[in-house]
Amino acid sequence: MNDILRRFAIVLPLSLAVAGCMNDSQLPATSSVTIGASPYVRGDLGTLTYRAVDLIPAAAPEVTAQTPLIVASISDTQNVETSSAFGNIVSDMIRTRLVQDGHAASEIRLRREVSFNKGEGEFLLSRNRRALKPPSSAAAIVTGTYAASYEKLYVSIKLVSAADAHIIAGADFVVSIRDVGGLLEQRNTELLPAPRTRTVS
């Protein structure tokens, strides 16, 4: 009798743990057919963006620390020539994470000279083509799109070869619209000059 009780005491916690994992809707699903995880949904915007950036180079061994990269604005999937404060801040966090991970990422918005604005500050970034330094060469480009539903914002990030436009790697995530909805209100339709391309070796 005591032996049966001991076995039951071991089996019951394991059963509860498995059931808890199966019922946790926040865990990312994994496919039994295709390698890779489904979009991550747990975490704030910064955490989700950093996690996505970490996944992309891991899936692209041909992209090394010396491979020159640039990051474009994450654009509205309904009109890929427009973005918003949301798309631009995601792009900035992608640049930050790439540099933290040791990759060679260029700032394509860098001005030729400092812009002094009385009462505002000193600025070295611009989206005015005439004010920019010549675009850097790039072997690969990080780009992507986002789309909003009533409750969620879906983000898809891709690493694309600058030479032939094939997608090298990608990662997706989902964030609550309640947390970032205000960033979608400001629109940006300005375009930056195209970078010079290099082949990924």
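A165 sits in the loop between strands β9 (152-161) and β10 (167-176). Helices (H or I, at least four residues) and strands (E, at least two) are DSSP runs, numbered from the N terminus. The phi angle of A165 is near 70°, a positive value in a residue other than glycine. A165 is exposed because its relative accessibility is 54%. The cut-offs are these: buried is under 20% relative accessible area, exposed is over 50%, and partly exposed lies in between (1.4 Å probe, protein chains only).

This is a predicted model: local features need pLDDT of at least 70, side-chain atom pairs count only at pLDDT 80 or more, and totals for chains, interfaces and linings use all residues. Residues are numbered from 1 along each chain as its sequence is written, and side-chain values use heavy atoms, leaving out hydrogens and water.

Now to strand β2. S75 belongs to this strand (residues 75-76). S75 is buried, at 7% relative accessible area. Leaving aside residues up to four places away in sequence, S75 contacts V80, T82, S83, G144, T145 and Y146. Contact means heavy atoms within 4.5 Å.

Next, the aromatic rings. Rings of Phe, Tyr and Trp (its six-membered ring) pair if their centres lie within 6.5 Å; planes under 30 degrees apart count as stacked, over 60 as edge-to-face and the rest as tilted. That rule gives 1 aromatic pair. The ring centres of F86 and Y146 are 5.3 Å apart and their planes stand at 75°, so this pair is edge-to-face. F86 is in helix α3 (residues 85-100) and Y146 in strand β8 (residues 140-148), so the pair ties together parts 60 residues apart in sequence. F86 is buried at 0% relative accessibility. Y146 is buried too, at 3%.

Last come the charged side chains. A salt bridge is a side-chain nitrogen of Lys or Arg within 4 Å of a carboxyl oxygen of Asp or Glu. The structure holds 6 of them. The table gives some, including R97 with D54.

| Salt bridge | N to O distance |
|---|---|
| R97 and D54 | 2.9 Å |
| R95 and D92 | 2.7 Å |
| R109 and E107 | 2.8 Å |

R97 in helix α3 and D54 in helix α2 (residues 45-58) link distant parts of the chain, 43 residues apart. D54 is partly exposed, at 30%. R95 and D92 are 3 residues apart in helix α3, so about one helical turn separates them. R95 is buried at 10%, while D92 is partly exposed at 25%. R109 is buried at 7%; E107 is partly exposed at 28%. Salt bridges with shared partners join D92, R95, E107 and R109 into one network.
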